[in-house]
Amino acid sequence: KDQSPNEFFTKPKTTFEDVAGLGEVKEELIEVIDFINSPEKYKKMGAKIPKGILFHGPPGTGKTLLASAVAGETKSSFFSVSGSEFVEKYVGVGAKRIRTLFEKAKKESPSVIFIDEIDAIGAKRSIDSNNEKDQTLNQLLVELDGFNTDQSVVVIGATNRLDLLDEALLRPGRFDRHMFIGNPNVKAREEILKVHTQNKPLEPDVVIKDLAKKTHGMSGAHLSSIANEAAIIAVRENKEKISAHHFDCAIERVIAGLQVKNPSIL
Ligand code: ATP
């Protein structure tokens, strides 16, 4: 009863296999996963679990997906919140919600707390440091400093604007591991398209390698949407399988969507 939305958590089934490409980032995260899965090993050696990890990079590149895979790989409780939802509330509420979020995460540990758009609370503090955002940020700093490392709570923040973040947030012991998640190259696009077509019936004329070449500059989110659009077009045409032609239409549609700055004029 009386649960605010940020206290909800899931137990994701997402694994690293669901995340295509991003090999280097995954390698770095394997260490974090091992920390959560075998804390004794590290404790014996006097090593501390990393508390805060920052994913930065353009939108739609799999930051949320990766965070949920970290939770899935460690059977952790996954708390997913957005920074913007903390600052639009009445004064004091943001800070309180941060407090309850961490309380619950500790109780349900091992836990992964994912804070999307962390720049909404973590942007550099103003001179007049009395506004809602700053109180929320201060509380986040208190929480990060407050929990000790055998509580198996890892906080992952995500932002498109690393440059906006307050230095205090990036200090050692806070969000001190930064991982850049960029748009996929041609090889990674191929892998992402494979993930998103693996359960779809494809005509033999669908060549994933070619689709990867045709989708330069697109994010994982765009590629996932192309695979879905192609399937929808095939259904609409009453076909049994998705063909190369359906993919071409889907690519065109997604490119058109990118070009339309204001979808409401359609
Ligand atoms: P935002 O910054 O807008 O929150 P994000 O980086 O968190 O975006 P996600 O929400 O993780 O992006 O990605 C959106 C969707 O795109 C995912 O649910 C997934 O279907 C697909 N996707 C993105 N990147 C990948 C990837 N590397 N492998 C497989 N699917 C991906």
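Predicted model: local features only at pLDDT ≥ 70, side-chain atom pairs only at ≥ 80, totals over all residues.
1. At Gly60 a polar backbone atom is 2.8 Å from an oxygen atom of the ligand. At Asp116 the polar atom belongs to the side chain, and its distance from a ligand oxygen atom is 3.1 Å. On its own, the ligand would expose 630 Å², of which the protein buries 78%.

2. Which residues of the shell are closest to the ligand? They are Ala20, Gly60, Lys63, Thr64 and His196, out of 18 residues that surround the ligand. By residue class, this shell holds seven nonpolar, eight polar and three charged residues.

3. The ligand is located in the largest pocket of the model. Three elements each contribute two or more residues to the shell around the ligand: helix H3 (63–74), helix H9 (186–197) and helix H11 (220–236).

4. The volume of the largest pocket is about 550 Å³. Its lining comprises 30 residues, and those closest to the centre of the pocket are Ala20, Gly21, Leu22, Thr61 and Ile192. Helix H1 (23–37), strand E5 (175–180), H9 and H11 are the elements that supply two or more residues to this lining.

5. Which element gives the most residues to the lining of the largest pocket? The answer is H9, which provides six. The lining as a whole divides into 13 nonpolar, twelve polar and five charged residues.

6. The peptide bond between Ser109 and Pro110 is cis, with omega of about 5°. Pro110 belongs to the loop between helix H5 (93–107) and strand E3 (111–116).

7. Where is Lys75 found? Lys75 occupies the loop that lies between H3 and strand E2 (77–82). The student may recall that H3 is also among the helices that give two or more residues to the shell around the ligand.

Conventions
Residues numbered from 1 in each chain as written. Heavy atoms only, no water. Near = heavy atom within 4 Å. Polar contact = N/O pair within 3.5 Å; in protein donor to acceptor, adjacent residues only side chain to side chain. Areas by Shrake-Rupley, 256 points an atom, 1.4 Å probe, with all protein chains shown as cover. 1 Å grid on protein atoms, 1.4 Å probe; cavity = no way out; pocket = protein on both sides within 12 Å on 5 of 7 lines; lining within 4 Å. Sits in = over half its atoms within 2 Å of the grid points. Helix = DSSP H or I, 4+ residues; strand = E, 2+ residues; numbered from the N terminus. Nonpolar A, V, L, I, M, F, W, Y, C, P; charged D, E, K, R; others polar. Points joined across faces, edges and corners; volume = space filled by probe spheres on them.
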